[in-house]
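Okay, thanks for making the time, everyone. Let me put the structure up and then walk you through a few places in it.

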Amino acid sequence: MQSSNVLFLPTVRAVPDNFTMVKDLFERIQSNKGPLGKWASQAEGYYVFPKLEGELGPRMKFHGKEILNWSINDYLGLANHPEVRKADTEAAQQYGAAYPMGARMMSGQTNYHEQLERELAEFVHKEAAYLLNFGYQGMVSIIDALVTKNDIIVYDVDSHACIIDGVRLHMGKRFTYRHNDVESMEKNLQRATKMAEETGGGILFITEGVFGMRGQQGKLREVAELKKKYNFRLLVDDAHGFGTLGATGAGAGEEQGVQDQIDVYFSTFAKSMANIGAFVAADKDVIDYLKYNLRSQMFAKSLPMIQTIGSLKRLQMLRTMPELKAKLWENVNALQNGLKARGFDIGDTNTCVTPVYLNGSIPEAMMLVNDLRENYNIFLSIVVYPVIPKGIILLRMIPTASHTMEDINQTLDAFEAVRDKLVSGTYLKIAAEKTVDVSEN
């Protein structure tokens, strides 16, 4: 067969005149990594995205050595409890990781899902409950389902990101009030009331049972009082209150005596329950509506049986083992009182969340945390700008029922040592020597 002498050239397409006028979508993200992303080269793998190894608990491994861990939300110490491990293992052996397949509405419904919903509703003193695969997407979808463009949302300016993202989906008006400020709440309810009269809609008021960074309870009692003057429905995200607050552990509403005034109660399993999943509880007609309109569940696979049966076991332990919560609060009080006695600022937390506020820059924060981890074998979460104001370092600690007094005393001594170094300028000097950009704050 003779070879052809014909030369084939690639087709040259004409470029539209306006092609070069449109920016490349990736240009921005390649040049600006964001307020946290810009630290990635110095922080990733150590300060952010760290890898903890070993069995979950107060003592784990980080970079090959044992550390005292204050950075997991395992409030009641259930994550590695032998009864919980046994229940999870047996569920996995019987059902595997996939069962049930499909969304609840189509093919993912089971007796265990319904049983867990009934028991959760009873535990938080509501008529009905509905399971959610994840807390974050669940809250986003709950807000989206509850309101129309004619409705008005009023919410705390310090709300968790899942609330903020849910509000962003709202096509109508929304107002934020100053954090836990009752006067600001009422002012914005007045604005919302006037607006709702014009649109013909209703008002959804959103707050948290516990604010996870500062550790303050939401002012649910005061919000309940406002319900006597204004016509609104109350949605509460109680992720950190469920299992830790209230006489029975039913959360911040029970703690403050206003659980019956919460119209829609939400919590995740990721804290006290040490599991994946979440739930929403309310009057039966509200839950029936959400079951057929909650898009994050209608179009998502059902919560796997391992998590469902595992959560039934965890909930049973919450109800029948009050000593878990009692031990948690023994540790919380010892840690927080010890910090205050040594002159540390822990804000006005009135929950298990224990923030420690220090003055310093991001580079100083990095050096301080490095010192805690490498020389004092203590691991905790560091929070800096833009999550909190510039010039503030927040060391966020989560006491659990599994910690010991030895753990607490070790931590208090270490905190005194690193505070002295921070105040003396030691960490700023180290940051400069390591060529960390100390001009960033």
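Predicted model: local features only at pLDDT ≥ 70, side-chain atom pairs only at ≥ 80, totals over all residues.

So, of the 441 residues in this protein, 50% are buried, and by buried I mean under 20% relative accessible area, with exposed being over 50% and partly exposed in between, using a 1.4 Å probe and protein chains only. Residues are numbered from 1 along each chain as its sequence is written, and side-chain values use heavy atoms, with hydrogens and water left out.

Overall, we have 17 helices and 14 strands. The C-alpha trace spans about 90 × 60 × 55 Å along its principal axes. Take the contacts between residues at least 6 apart in sequence, and 70% of them join residues at least 24 apart; contact here is heavy atoms within 4.5 Å.

Now, helix pairs. Two packed helices are described by the angle between their axes and the distance between the axes. The axes are lines fitted to C-alpha atoms, for helices over the stretch in contact, and the angles run from 0 to 180 degrees between N-to-C directions.

Helix 5 passes helix 13 in a left-handed crossing, meaning the near helix is turned anticlockwise from the far one by less than a right angle; clockwise would be right-handed.

Who makes that contact? From helix 5 it's Tyr112, His113, Gln115, Leu116, Glu119, Leu120 and Phe123, and from helix 13 it's Met305, Thr308, Ile309, Ser311, Leu312, Leu315, Leu318 and Arg319. Sorted by class, the helix 5 and helix 13 contact has 9 nonpolar, 4 polar and 2 charged residues. For the record, nonpolar is Ala, Val, Leu, Ile, Met, Phe, Trp, Tyr, Cys and Pro, charged is Asp, Glu, Lys and Arg, and polar is the others, Gly among them.

Over to helix 15, residues 362–375, and helix 16, residues 405–424: their angle is about 145 degrees, and the axes are 10 Å apart. This crossing, helix 15 with helix 16, is right-handed. Helix 15 brings Glu364, Leu368, Asp371 and Leu372, and helix 16 brings Ala414, Phe415, Val418, Lys421 and Leu422. That contact of helix 15 with helix 16 splits into 6 nonpolar, no polar and 3 charged.

Okay, cysteines. How many disulfides are there? The count is 0, taking a disulfide as a pair of cysteine sulfur atoms within 2.5 Å. Cys162 is buried at 3% relative accessibility, and Cys352 is buried at 1%.

Thr207 sits in strand 7, residues 203–208, and is buried, with a relative accessible area of 1%. Not counting residues up to four places away in sequence, Thr207 touches Tyr177, Gly218, Leu220, Leu234, Leu235, Val236 and Asp237.

Lys61, in strand 2 (residues 59–62), is partly exposed at 46%. Glu198, in helix 8 (residues 182–199), is exposed at 57%.

The Tyr99 to Pro100 peptide bond is cis, omega near -5 degrees, and Pro100 is in the loop between helix 4 (82–95) and helix 5. His125 has a positive phi, near 60 degrees, without being a glycine; find His125 in the loop between helix 5 and strand 4 (128–132). Asn180 has phi near 55 degrees, positive as well, in the loop between strand 6 (174–177) and helix 8. Is Asn180 buried or exposed? Asn180 counts as buried, at 9% relative accessibility.

Key
Helix = DSSP H or I, 4+ residues; strand = E, 2+ residues; numbered from the N terminus.
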